[in-house]
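Morning, everyone. I'd like to walk you through one structure today. Please have the sequence and the model open.

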Amino acid sequence: MRNQDCYILAVETSCDETSAAVVKNGTEVLSNLIASQIETHKAFGGVVPEVASRKHVESITLMLEKAIDQAGIAPEDLSAVAVTEGPGLVGALLVGIMAAKSLAFALDKPLIGTHHIAGHIYANRLIGEIRYPCLALVVSGGHTELVFMRQEGHFELIGRTRDDAVGEAYDKVARALGFPYPGGPHVDKLAVESAVAEELPRAWLEPDSYDFSFSGLKSAVLNAVNQHRMRGEDGYQDAIARGFQESVIEVVVEKAIRAVKSTGAVQLLLCGGVAANRGLRQALDARCEREGIPLSIPPMKYCTDNAAMIGAAAYLKWQRGEFSEMELKPEPSLSLEAWSAR
């Protein structure tokens, strides 16, 4: 059975995107549909969990049907159904899990509960081979982590944020600068185009630490904004955006490169929604070229939440016959290390 082609129908509903995809043999994307809720949540200035869950319910069935249809296969041809088990919003996760369980039961196919961050990491597998041991730099709305992988499917967390994730910091800074949700792209655009940068602090923490902290930087931005406003100044947003982005990028890139060298990793993977940030992509690419470190960055369409990346990660479990029980439930704080393949 494992020698035949594997077709995994994957479902992703961890936050505010409803996505369904069919992935062949863990690397070939046959379909990848995404229904974004950004316009809905803009009115609230951020994701409202209850609203996100209801929107998932409205679209999930149609998304599953379309994903199979666009893949050009019959439902019976599927090898397994994969779904994001966690981490994420519990109500949103529940919608995807119930849909996946129902379909797996109806088709009598294995069910594979999948880790959301493993999906972001293995999005890199959709564009090429991953070489081991490797290091993954995960930067997203809720996560900023350095993950060491000695071999395929094994995850060791060596660094994480102690407060805000990068994506959270971007959204909060954007709000302070007067931009709507989601604010990250607005800050990135200003930062790339600005000719000047306001000097802002870098949070390095302990000399040997791979952890991150962005709450102090966020507070420094708010303080700078207030000072400009008290002086009645205008046009300061560009310089603050660039100063903020330069601070984030310098710390994130430096710690990632240091971790690659200390672990003996032979490849660096950039993963997560903030991997779409132009400033970060350019800085990391330039630094890795100078250091001679092979770098893999997924295209924009695989950086944000999508089901194709879940299908790629689920293939690890399929190969090993590690399937989930029908009692599978949402795990909002699911451990990446615990999800490692056996």
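I'll take helix packing to begin with, then aromatic rings, then charges over rings.

One caution: this is a predicted model.

Start with helix H5, residues 166-176. Which of the H5 residues are buried? They are Val166, Gly167, Ala169, Tyr170, Val173, Ala174 and Ala176. As a reminder, an α-helix has 3.6 residues a turn, so residues three or four places apart point the same way.

Now to H6 and H8. Helix H6 covers residues 184-193, and helix H8 covers residues 237-263. Their axes come within 8 Å and cross at roughly 100 degrees. Angles of 65 to 115 degrees count as roughly perpendicular, so H6 is roughly perpendicular to H8. Who makes the contact? From H6, Val187, Asp188, Leu190, Ala191 and Val192. From H8, Gln237, Asp238, Ala241, Arg242, Phe244 and Gln245. By type, that contact has six nonpolar, two polar and three charged residues.

Hold on to Phe244, because Phe244 is also in an aromatic pair, with Tyr170. The model has five aromatic pairs. In this one, the ring centres are 4.9 Å apart and the planes sit at 75 degrees. Over 60 degrees counts as edge-to-face, so that is what we call this pair. The pair links distant parts of the chain. Tyr170 is in H5, Phe244 is in H8, and they are 74 residues apart. Are these two buried or exposed? Tyr170 is buried, at 3% relative accessible area. Phe244 is buried too, at 0%.

Next pair: Trp318 and Phe323. This one is tilted, with 5.7 Å centre to centre and 40 degrees between the planes. Trp318 is buried, with a relative accessible area of 3%. Phe323, at 33%, is partly exposed.

Ring pairs join Tyr122, Phe155 and Trp339.

Trp339 brings me to charges. Which lysine lies over the face of Trp339? Lys317, at 4.6 Å from the ring centre. Elsewhere, Lys255 puts its charged end over the ring of Phe212, 5.7 Å from the centre.

Conventions: Residues are numbered from 1 along each chain as its sequence is written. This is a predicted model: local features need pLDDT of at least 70, side-chain atom pairs count only at pLDDT 80 or more; totals for chains, interfaces and linings use all residues. Side-chain values use heavy atoms; hydrogens and water are left out. Axes are lines fitted to C-alpha atoms, for helices over the stretch in contact, and angles run from 0 to 180 degrees between N-to-C directions. Helices (H or I, at least four residues) and strands (E, at least two) are DSSP runs, numbered from the N terminus. Angles under 35 degrees count as roughly parallel, over 145 as roughly antiparallel, 65 to 115 as roughly perpendicular and the rest as oblique. Contact means heavy atoms within 4.5 Å. Ala, Val, Leu, Ile, Met, Phe, Trp, Tyr, Cys and Pro count as nonpolar, Asp, Glu, Lys and Arg as charged, and the others, Gly among them, as polar. Rings of Phe, Tyr and Trp (its six-membered ring) pair if their centres lie within 6.5 Å; planes under 30 degrees apart count as stacked, over 60 as edge-to-face and the rest as tilted. Buried means under 20% relative accessible area, exposed over 50%, partly exposed in between (1.4 Å probe, protein chains only). A charge sits over a ring if NZ of Lys or CZ of Arg is within 6 Å of the ring centre and within 35 degrees of the ring normal.
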